[in-house]
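Open the model in a viewer and keep the sequence panel beside it.

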Amino acid sequence: MRVSLTALALGAIGTGCGATVSHRASARVHVYDDPRITVVSPTVEEQAQIADTKVTAHYGVDAVSGATQALTVDAVSSATRFSEVRQDAGLRAAHAFSAETELSGGYNLSREPDDLVHVPSLRLTQELFERMVRAAVGYQLVVESIGRTGDPLFREHALGHRVDVEWTQIATRSLTLTVLGTGTATECSAGIGCFANPYRYVGIARGAAHIALPERHPDQRFTGAGALRLSWAFAGSSALQAGSRWAVDSWSVAAYTADAAVVTELFDDRLLARAEARATLQSRASFYDERYQGSGGVLPAYRTADAELSGLRNARAQLFLDWAWGPVHIVGQLGRMWNYYPGFPALPTRHAWIAGGGLDANF
Amino acid sequence: MTRRLRVALASTCALVFWAGCAPVPAYQRGRLMQRSMQPKPPLDAAFDAHVEDLRESAIGASGGESASCGCR
């Protein structure tokens, strides 16, 4: 409803000024389902092009339900049923100052019962060398406030900076190459540190006894990632889109990702079929341990029960279809994701189904 | 920096600069604009990225808005 009102307002403004207005409205429902959680995510987006300015608004919800294994303070593993809703809304305006130069600014708000994230952002895009190259640089500020349901005294904060750079080059009449880079720096409250779960406890062996302490990560994290991508049009209406990414961080996590998609147009180009595959290898964080030990009065300063910091092997296969019916596109996708955590005995695998569908309309 | 990484970076730079020396006229860019060369629709790409954020620790460099086209 909010997005529809935004669309009407944007359309009214554009029409009132005598400017040409075009719209693109999109709606989706995505589902993620693994043995522990199910996430249903309806999202709507409206984009209005008013002369040289493009305004995009979106609103989405993640309805999460399931059961999670939680190590409680008495170090007994138990299954806890839960359900919660995350809301996400954003507004972005992009203005083309010339055919080659575009500046955009946006604001995104994500809200959960115990978590609030503000993300203002800026992005400058410049085309160069007879529009053979598209270069972009973007900046995001991430301001996060983390709470704990039922504990009004618990309040943690995180402040993050993120810079993205992108260089896309037309190499030949059927090939483009893209180099991407991202750097982030995050400072967090020292209570639980960055990206720690305020509900999670970590078991620690102390002689013959076991105790459980709240998860605690370092209070700073720096990350860097670089990628090379290509898009190659081959065999008429078909293309290969592929990429390779390397990522490292200050917690000694290193990751390599490869992905490829074969995209083809069928039935007089009305149906677009996209078959995707993606795989990731990721090492463990320096402070991750399968069995934390506490000896004497010394306990591990940093401890985690986050499977994603234990080392990961991940693969995904997905089919995406887009049927164009005049100005309306009907889209759907179905995929399977395999996650292996060889260093995390409590959760060695976590496989998931991914599905989604919806409409895009241009008017 | 490992020797392999240096070779990969040098090869990438050489390829990019070599390509920059051979302009493709606008009238020959039709294949770059076809549907199969475009990235996934934004809402679907955003959902994929959201799932990756939840299941992985690596951040960023995972595809830009123009990563599949290079032209508007």
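**A pair of facing residues**

Select Tyr201(A): opposite Tyr201(A), in strand 11 of chain A, stands Pro214(A). Keep in mind throughout that this is a predicted model.

Next, select residues 201-206 of chain A, which make up strand 10. Strand 10 and strand 11 of chain A run antiparallel and are joined by six bridges.

The three strands form an open sheet, in the order 11-10-16, with mixed pairing. Look at the edges, where strand 11 (209-214) and strand 16 (292-293) of chain A stand. Each of these two has a single partner strand, so one side of each has no neighbour in the sheet.

**Chain A as a whole**

Select chain A and switch to a cartoon view. Its secondary structure comes to one helix and 19 strands. The C-alpha atoms of chain A fill a box of roughly 75 × 45 × 35 Å along the principal axes. Colour chain A by burial: of its 363 residues, 32% are buried. Then turn to contacts in chain A between residues at least 6 apart in sequence: 55% of these join residues at least 24 apart.

**Where chain B touches chain A**

Show both chains. Here 38 residues of chain B are in contact with 68 residues of chain A. On the chain B side, select helix 1 (3-20) and helix 2 (42-55), which each supply at least two residues of the touching side. Helix 2 of chain B gives the most, with six residues. Coloured by class, this side of chain B has 18 nonpolar, 13 polar and seven charged residues.

Terms used
Residues are numbered from 1 along each chain as its sequence is written. Chains are lettered from A and ligands numbered from 1 in the order in which they are written. This is a predicted model: local features need pLDDT of at least 70, side-chain atom pairs count only at pLDDT 80 or more; totals for chains, interfaces and linings use all residues. Two residues are in contact if their C-beta atoms, placed from the backbone, lie within 7 Å. Helices (H or I, at least four residues) and strands (E, at least two) are DSSP runs, numbered from the N terminus. Ala, Val, Leu, Ile, Met, Phe, Trp, Tyr, Cys and Pro count as nonpolar, Asp, Glu, Lys and Arg as charged, and the others, Gly among them, as polar. A residue is buried if 20 or more other C-beta atoms lie within 10 Å of its own, exposed if 12 or fewer, and partly exposed in between; C-beta atoms are placed from the backbone. Two strands pair if DSSP finds at least two bridges between them.
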